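Here is a colleague's note for a reader who is new to this structure.

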Amino acid sequence: MFSPIGSLDLKKTIHIIGAGYSGLILGYFLKKNGYQVKIFEREKKVGGKIQTLQGALGRAETGAHAFFANDEIIQEFQHLGLDHLKAQKRLSKKILLDGKINAIAIPKREIFRLIWNIVFKRPPHITNETSVDQFFRPLLGDFMADNILPAAFLGIYALSPTELNFKSLFDTRRQYSSYLQFLFQVRRKKGFHSISFPQGMNQLIIALRDYLADELITDSHLTSVPSNSIICTDAIDAAKILEDSKPEASSLLKGITYQRLSSVTVLSQHEISEMKSAFGILNPTINGSILGVINNYGIFPAQQRNSHFSYTFVMREDKELIAKLQHDLKNIWGLGHLMEVKHEILYHPWTRGIPHYNHARLHAIDQLKQLAWHELALFGNYIGGISLREIFFAAKRFVER
Ligand SMILES: Cc1cc2nc3c(=O)[nH]c(=O)nc-3n(C[C@H](O)[C@H](O)[C@H](O)COP(=O)(O)OP(=O)(O)OC[C@H]3O[C@@H](n4cnc5c(N)ncnc54)[C@H](O)[C@@H]3O)c2cc1C
């Protein structure tokens, strides 16, 4: 569980800078608990990376596609008057290996090796520099470390386990088995399931915006940081905001870098046969631009309005997306035919898609926590967890502590 960095006086009006999901959900909990809030958003509309695009053949998400939620989260959505859609259960995850789409299959000898390693191997000593790959490879062996591990992490963090910093993602525990439990629980958390909303993820943003209508100022151009502010932008915008008033913090925030990331949704008459009953396909290599595919109507069938199929390709790019998508579908994925029939493509490129959970981020966050803060704080996914679920709990626990 992560918390905002800094300190606020909750007895005074709290100024939130940035009305993406982080600023809005924090504003929601503050208002609901009786605190005075004002929210400033630079753009004309709120929601930041969460937008739902409407095309002629269907809808597409630009950022988060689903919320991994439990009853505690759903109760708050009910308070906001929101209905939700539950994801289909028992969908498989597939993997792209040697140009072929297959079910994830772990050879028996690898499972025996894993059990042997759990019993007899001790985890390596963890330093601030240890990568996720360095930690897990001795336990998993080369086959799983080369195929399964990258698929799991690239799909969430858009960085390979060799680039991801271990301490950035995990608490340091003692035994190998407890890390494995953690790894598998990421998706199988008890009582949690993926949800979306009948009108797409933007419905959550609209509900938060309407709840906070009296507190929100959009198209705002603040020239200085009001006292008692919490900055809920990404790290790069936070660095700009603090450039003059808190230069040490600004310079540390500049050390945090971002991955270009774009969701490109293809609405096509053609069905990818390997996608039937599948959540999606993961790509464990950094071959080409596509990190993975999400089977939108397979996961949320109620969103399907016509006979088309909807697939979102998550790409590590923000430029020439269509040309790169066409190239990879034909030459790497063997799915060129998706574009040969009637189709529509909806997308939005993000140059600063998600933070790199690398050693530089860990260092910057550790140093930011050491600074003296007075009626000023930072909040957002670069501080801790990337998911809407983690941001939700960080905001809720901070307000209700
Ligand atoms: C392609 C993609 C897919 C994803 N998929 C999922 C998923 O399926 N599930 C999941 O849980 N998470 C997912 N995520 C992660 C999730 O979407 C993000 O963590 C979350 O939306 C980040 O919200 P934020 O408010 O912290 O940042 P942002 O959305 O970046 O919002 C920051 C806001 O601050 C505003 N701002 C900036 N500077 C100023 C200023 N000077 N003054 C006022 N306002 C300012 C910006 O305009 C913006 O509105 C995905 C992310 C991406 C990019």
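How far apart do the C-alpha centres of domain 1 and domain 3 lie?

1. The C-alpha centres of domain 1 and domain 3 lie 30 Å apart. The contact between them takes five residues from domain 1 and five residues from domain 3, where two residues are in contact if their C-beta atoms, placed from the backbone, lie within 7 Å. On the side of domain 1 that touches domain 3, the residues divide into two nonpolar, one polar and two charged; here Ala, Val, Leu, Ile, Met, Phe, Trp, Tyr, Cys and Pro count as nonpolar, Asp, Glu, Lys and Arg as charged, and the others, Gly among them, as polar.

2. A word on the basis of this note: the model is predicted, local features need pLDDT of at least 70, side-chain atom pairs count only at pLDDT 80 or more, and totals for chains, interfaces and linings use all residues. Residues are numbered from 1 along each chain as its sequence is written.

3. The domain assignment gives domain 1 (5-50 + 68-83 + 197-256 + 356-400), domain 2 (106-188) and domain 3 (258-354), with bounds that come from an automatic or database domain assignment. Because domain 1 and domain 3 both give residues to the shell around the ligand, the ligand lies between them.

4. The ligand is surrounded by 37 residues, of which the closest are Gly18, Gly20, Ser22, Gly48 and Ala64; a residue is near a molecule if its C-beta atom, placed from the backbone, lies within 6 Å of it. The elements that give two or more residues to this shell are helix H1 (21-32), helix H8 (235-242), strand E13 (258-268), strand E17 (343-355) and helix H13 (388-400), where helices (H or I, at least four residues) and strands (E, at least two) are DSSP runs numbered from the N terminus. By class, the shell has 16 nonpolar, 14 polar and seven charged residues.

5. Turning to the sheets, six strands form an open sheet in the order E1-E18-E12-E2-E3-E11, with mixed pairing; two strands pair if DSSP finds at least two bridges between them. Its edge strands are strand E1 (5-7) and strand E11 (216-217), each of which pairs on one side only. Within this sheet, strand E2 (residues 14-17) and strand E3 (residues 37-40) pair in the parallel sense over four bridges, and the bridge partner of Ile16 in E3 is Ile39.

6. Another open sheet has three strands in the order E6-E10-E7, with antiparallel pairing. Strand E6 (67-69) and strand E7 (85-86) stand at the edges with a single partner strand each, so one side of each is left without a neighbour in the sheet. E6 and strand E10 (residues 193-196) run antiparallel and are joined by three bridges, with Ile195 in E10 as the bridge partner of Phe67.

7. Four of its five residues are buried, so E14 is largely enclosed by the rest of the structure; a residue is buried if 20 or more other C-beta atoms lie within 10 Å of its own, exposed if 12 or fewer, and partly exposed in between, with C-beta atoms placed from the backbone. Strand E8 (residues 92-97) runs parallel to E14 and is joined to it by four bridges, and Ile95 stands opposite Leu282. With strand E15 (residues 290-295), E14 pairs in the antiparallel sense over three bridges, and Ile294 in E15 is the bridge partner of Gly280.

8. Which residues of helix H11 (residues 321-331) are buried? They are Leu325, Asp328 and Leu329, and seen down the axis of H11 they fall within an arc of 100°, so they line one face of the helix; the arc is that of the directions from the helix axis to the C-beta atoms. What covers these buried residues includes E13, E15 and E16, whereas the face of H11 turned away from the buried side carries the exposed residues Ala323 and Asn331.

9. Two residues call for a check of the backbone. Arg90, in the loop between E7 and E8, has a positive phi of about 55° although it is not a glycine, and Arg90 is exposed, with 6 other C-beta atoms within 10 Å. Glu375, in the loop between helix H12 (359-370) and strand E18 (376-378), has a positive phi near 50° and counts as partly exposed, with 17 C-beta neighbours inside 10 Å.
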